[in-house]
Amino acid sequence: MTVTLQRHGAIAVVRIDNPPVNAVSHAVRQALMDAVAQTESDAKIGAVVLACAGRTFVAGADVKEFDAPPVEPHLPDVIAAIEAADTPWVAALHGTALGGGLEIAMGCHYRIADPKARMGLPEVTLGLVPGAGGTVRLPRLVSADLAVAMVAGGKPITARAALDAGLVDALAEGDLLEAALAFAETRPEPRRTLDLPVVGKTDPEAFDKIAANLRRKARGQSSVAIAVEALERGLTLPPAEALAEERATFLSLKTSDQARGLRHIFFAERATLADPRTKIEPRALTHIGVVGGGTMGAGIASLCLMRGLSVTLIERDDVSVEAGAERVRATLEGSANRGLLNDLDGAWARFQSATDYNALAEADLVIEAVFEDMSVKKEVFAGLDAATKPDAILATNTSYLDVNDIAACLKDPSRAIGLHFFSPAHIMKLLEIVLPDAVADDVVATAARLSKSLGKIGVFSGVCDGFIGNRIMSSYRSEADRLLLDGAWPSEVDAAMRTFGFPMGIFEMQDLAGLDIAWAMRKRRRAEGKLTGNESRIADRLCEEGRFGRKTNGGWYDYVDGRAQPSQHVAKVIDEERDAERMALSQDDIVSRILGALRREAEALLEEGIARSADDIDVVMVNGYGFPRWTGGPMFSAWSGS
Ligand code: T1G
């Protein structure tokens, strides 16, 4: 049964039980409608407590139903029935009351929250606006400034903030259900949210600033601006009119490409580790070794500490160890200052550092994050092979080297795996889990478990030069270089991709990351005979002149007071390298040529079995390389061949 009704004296407890997150499916909506009818027709019921089983109050409408036409009873009707009831309804909120879940709670007459609960309206992150009264009831409970941040920003707030703002009436001290029952026992008069006046703007300046900032950050995702407009109608129109407008807007956005794309990536991100091997019992993971205290190593060490693991950081000498430990300390303090780490002292207490591999004798997993050079990595692995316990997993953080080659230098190659973190490791969501041929099944299971416990989105990749993300980016760079030879300028290529919705263009990205990284890869691959020899020479020439990008005040662009400007010098080099008349290339030509190159590379990754699905490629590019989330729809599916 997805919804049950139990009597506690004169109080009826209506409990939703629809694992895993109590999403409001059609069955739940129908059962809630029936519960309203039942409680309204029973004079012996003096009040209703609406609660949820499991880990969270309703986390939203069932997004899986969004590709089909809505079926009655619609959520707004269910909420209207609760709100119109003569028997008071008290919502008991725990976990994450999100979207339709918070809308149901706001349709109840009162709300009691567990102190650790969070609540929000994340519809905008799915390319939508709230579709069941969120933009009309929320501004009748909290200030317009907070309402616009929640509706157009999509981020949840804590229970304490909700109490202070007027969104909830009390925080439970002790058992939530007990607290809600006690509140219901007071038989409060039904307080209908729609009958309340809007709270209004505490500061019109703040409202406009928040709205403008969210619109600017939306970068091509249209739901944000539409959400602000929906909220402004909720603030100004009569409730019935505002509700009708909101519903119409929601229904029209639901079938949009962007909403389809955002739903696609939402579910794709949750399907990447679906693999029989991840059902196997993983190895124990409490003590992690990290070899290399540079940016990556320190970032990985910090992340593991923030997630409750113990870490031993190894560097080659005392000075480097000290520098590495300092980087870790600074990262932990920075995270604590931003509210991302509650127990700074506890995390730091789990950290130790050493210059000797013997300090890793008890480590369950060791991740090397040393210089991207095969001989250095093999030397590290050989040292770890001797110093670590036989069932310790040895992981390389390489971003493109041959993990089979590295594994082969171990007595037992089955304990080797690739864990490609993205910098900054404690912030970027993506983790490419690179599977060498000999990897043991329970090592795969352990890596998947680690990915989840570190809050990462783990994607399996086969072994190849660059894995999934760097292969796609390499094809992006090559096509962009060919566009220069055919007549486009770097600023034109970047502008075209920004217009399409990318946060920045490929030449801006290279100037930011440093042209020398790809240059090193090209030199290595040339030495290995893997390049055809007719690649564009432009980037090499810029690197030979020391033009590595922002860090050298010049790369594809010149930098004046930190601001990028098209470079006459680079234009001259491009002209010299062009061996044909310039073509007239429109923005559409540029975008379609680049998407075509991405698609060809994606299809190759699928054919070679490096990527397991087109969805995995979407997930890698969105979470590792800043591709727009909302292009997870037709564009990605189109070019990634799914
Ligand atoms: N619908 C259907 N399935 C959902 C779901 C949802 N809303 N939310 C989560 N799941 C599934 C998810 O696919 C996964 O399935 C499992 O639950 C655990 O999720 C009318 C229109 C709640 C914070 O946007 O943010 O209401 O992989 O791995 O990390 O105005 O899930 O196990 O098969 O993410 O603990 C608004 C989306 C919807 C919330 C939990 N609500 N969900 O995170 O677990 S639109 C949302 C989340 C709406 C109304 C509008 C997170 C979570 P599987 P998980 P988690």
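Because the model is predicted, local features are taken only at pLDDT of at least 70 and side-chain atom pairs only at pLDDT 80 or more, while totals for chains, interfaces and linings use all residues. Numbering runs from 1 along each chain as its sequence is written, and side-chain values use heavy atoms, with hydrogens and water left out.

Start with the overall layout. The protein splits into domain 1 (3-255), domain 2 (276-463) and domain 3 (468-609), with bounds that come from an automatic or database domain assignment. Taken over C-alpha atoms, the centres of domain 1 and domain 3 sit 48 Å apart. Helices and strands carry numbers from the N terminus and are DSSP runs (H or I, at least four residues, for helices; E, at least two, for strands).

Next come the nonpolar cores. A core here is a set of buried Ala, Val, Leu, Ile, Met, Phe, Trp, Tyr and Cys residues joined through side-chain atoms within 4.5 Å; buried means under 20% relative accessible area, exposed over 50%, and partly exposed in between (1.4 Å probe, protein chains only). The largest core holds 68 residues, and Trp89, Met119 and Leu167 touch the most other members. Helix H5 (residues 144-153) gives this core its largest share, six residues. A second, separate core has 52 residues, including Ile457, Met473, Trp556 and Leu595. As for Met119, its contacts (heavy atoms within 4.5 Å), leaving aside neighbours within four places in sequence, include Leu93, Ala97, Leu98 and Leu102, along with Met150, Leu167 and Val168. Helix H3 (residues 100-107) is mostly covered, with eight of its eight residues buried. Glu103 is on that buried list, as are Leu102, Ile104 and Met106.

Arg247 is another residue worth a look. It lies in helix H10 (residues 239-254) and counts as buried because its relative accessible area is 19%. Not counting residues up to four places away in sequence, Arg247 touches Pro70, His74, Pro76 and Gly131. Arg247 and Ala113 are 134 residues apart along the chain, and their C-alpha atoms are separated by 27 Å.

Then there is the empty space. Rolling a probe the size of a water molecule over the atoms shows where empty space is left. On a 1 Å grid over the protein atoms alone, a cavity is a set of points where a 1.4 Å probe fits but cannot get out, whereas a pocket is an open set with protein on both sides within 12 Å along at least five of seven lines; lining residues have an atom within 4 Å of a point. Grid points are joined across faces, edges and corners, and a volume is the space filled by probe spheres set on the points.

The second largest pocket takes up about 1700 Å³. Its lining counts 48 residues, with Ser399, His420, Asn470, Ala513 and Ile517 nearest the centre. Among the elements that each supply at least two lining residues are strand S15 (416-421), helix H18 (467-486) and helix H21 (515-527), and H21 brings the largest share, seven residues. Domain 2 and domain 3 each contribute at least three residues to this lining. By class, the lining has 25 nonpolar, 13 polar and 10 charged residues, where Ala, Val, Leu, Ile, Met, Phe, Trp, Tyr, Cys and Pro count as nonpolar, Asp, Glu, Lys and Arg as charged, and the others, Gly among them, as polar.

There is one cavity of 30 Å³ or more, and the largest cavity holds about 40 Å³. Its lining includes Leu285, Leu365, Ile417, Thr446 and Leu450. Helix H17 (441-453) and S15 each supply at least two of the lining residues, with the largest share, four residues, from H17. Eight residues in this lining are nonpolar, one is polar and none is charged.

Pro19 and Pro20 are joined by a cis peptide bond, with omega about 5 degrees, and Pro20 sits in the loop between strand S2 (11-16) and helix H1 (26-40). Another cis peptide bond links Ser423 and Pro424, with omega about -5 degrees; Pro424 falls in the loop between S15 and strand S16 (430-434). Arg187, which is not a glycine, has a positive phi near 50 degrees, and is partly exposed at 41% relative accessibility. Phe467, also not a glycine, has a positive phi near 55 degrees. Phe467 belongs to H18 and is buried, with a relative accessible area of 0%.
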